[in-house]
Amino acid sequence: MSALKKTALTVLAASLLPVLTAAPVLADDADTDKSEDKQPKPPAAMSTIGGSLLGKPGTQVNLAAGVPVLPKKLTGRSWIVADAESGEVLASHNAHWRLPPASTLKMLFADTVLPVLPKTQSHKVTTSDLAGVGEGSSLVGVKEESTYTVHDLWMGVFLRSGNDAVHVLSEMNGGVAKTVADMNKHAAELKALDTNVVSPDGYDEKGQVSSAYDLTLIARSGMQKKDFREYSSTVRVQFPGEEKKAKKGKKAPKRETFEIQNTNRLLTGDSGLDPYKGIAGVKNGNTTNAGSTFTGVAERDGRVLLVTVMNPSQEESLSVYQETGRLLDWGFTAAGKVKPVGELVKPGSTGGDSDKESVGQKDSGGGKGEAGGSSSGTDQASLGDKASASGSSGRGIAVAITGGALLLLAAAVFLVNRRWPLPDLVKRLPGR
């Protein structure tokens, strides 16, 4: 080969090298873009119940002078920070995005069924009671042919998120179908219109959705019931074991018990996570479709906040609790300084919206809209009518927990006084 041809080939190879080496990078970039496109996005338009800003995608907060900035590590697809006393929404992120709720839906189950069944009522569990429990469900350990009180079963629901206990209580309420219908009716009464119940235990089912806004409404309603507050704030308790039959000619053996502990890690703590100071409930959940979900209520210096976080990234250990704690810290610091972006409506009212479902509300999955940014404070939420002094929300049913211990109880808990909604007692860990 002549020197001229060798030179020409060398030049040609050198000119093609960048193109050849760039091809794989371009392919990788394309794959990355496709992967990002698969991530669900909130609908461009969602319900505006509680205020117009709550219907917008992205983070909504009025960061005026003196208001602390939001925490950096917030990955939840949806979250909300609300004042339980006034109902004011201090900040939110895709508040009305309809997402799978997991076991946080048990708050609605409890708020619906608790008033119906006397806690002292007993029930002997049958095979049919447990027939509908989903595969892989969280269980408290309810056994067939064993008798439990309603009180026992509620402890199993709240502490261990027992789907077996939910199904037994549902059968006592007239069956699963009736209970689902009751829950949907109660959600409508609360104006939790993002919520559609298919299974009473929160088990993944097609079409079963709620939102951070709705779960917060539901928690606020539930926390007005004494038994609801007791169960959601109990750390640990002894649960009845299986009843064993007596052998012929012998006395039946004494029924044993076993300890169950609350799965709310802000209440109990965990490796790398301390119990949250002032926490008083309420409910956590985790399923394949929902990821981790959590609604928590906590008190500090006479102010009580509600926070709901849905489906955060799992890169951080116990992320749903970590992010809830950060939002509670922010809320306690920002309360009284930040202008609200909406409100938790009272039953029978839709606040900044007419009494109907808003555009985009029926989109239960990721819509085509892009996530939005923070509001500047100039776009004000329509807060609607303030709640009255009665009912299940509003100024008159303020939440307050006294700072001192009033009465020591078993399981290292004590009672503290609340102004919201009634001047009765609720369990809480010492030193919180």
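**Exercise 1. Find the aromatic pairs, then follow one of them.**

A search through the whole structure turns up 7 aromatic pairs. Here, rings of Phe, Tyr and Trp (its six-membered ring) pair if their centres lie within 6.5 Å; planes under 30 degrees apart are stacked, over 60 edge-to-face, and the rest tilted.

Step 1: take Phe109 and Trp154. Their ring centres are 5.3 Å apart and the planes meet at 45°, so call this pair tilted.

Step 2: Phe109 belongs to helix H2 and Trp154 to helix H3 (residues 150-160), 45 residues apart, so the pair links distant parts of the chain. Helices (H or I, at least four residues) and strands (E, at least two) are DSSP runs, numbered from the N terminus.

Step 3: check burial. Phe109 and Trp154 are both buried, where buried means under 20% relative accessible area, exposed over 50%, and partly exposed in between (1.4 Å probe, protein chains only).

Step 4: widen the view. Ring pairs tie Phe109, Trp154, Phe158, Phe228 and Tyr231 into a cluster.

Before going on, a word on the model: it is predicted, so local features need pLDDT of at least 70 and side-chain atom pairs count only at pLDDT 80 or more, while totals for chains, interfaces and linings use all residues. Residues are numbered from 1 along each chain as its sequence is written, and side-chain values use heavy atoms, with hydrogens and water left out.

**Exercise 2. Describe the nonpolar cores.**

Step 1: apply the rule. A nonpolar core is a set of buried Ala, Val, Leu, Ile, Met, Phe, Trp, Tyr and Cys residues joined through side-chain atoms within 4.5 Å.

Step 2: the largest core has 63 residues, and those with the most contacts inside it include Trp154, Phe158 and Phe228. H3 gives the largest share of this core, 7 residues.

Step 3: apart from that core lies another, of 27 residues, with Trp79, Ile279, Phe332 and Ala335 among them.

**Exercise 3. Which strands pair with E3?**

Step 1: two strands pair if DSSP finds at least two bridges between them.

Step 2: strand E1 (residues 59-60) runs antiparallel to E3, joined by 2 bridges. Here Thr59 stands opposite His93.

Step 3: strand E2 (residues 78-83) also pairs antiparallel with E3, over 4 bridges, and Ala82 faces Val89. E2 and E3 make a hairpin with 4 residues between them, and Gly87 in the turn has a positive phi of about 85°.

Step 4: strand E11 (residues 342-343) is joined to E3 by 2 bridges, again antiparallel. Glu343 is the bridge partner of Glu88.

Step 5: In E3 (residues 88-93), 5 of the 6 residues are buried.
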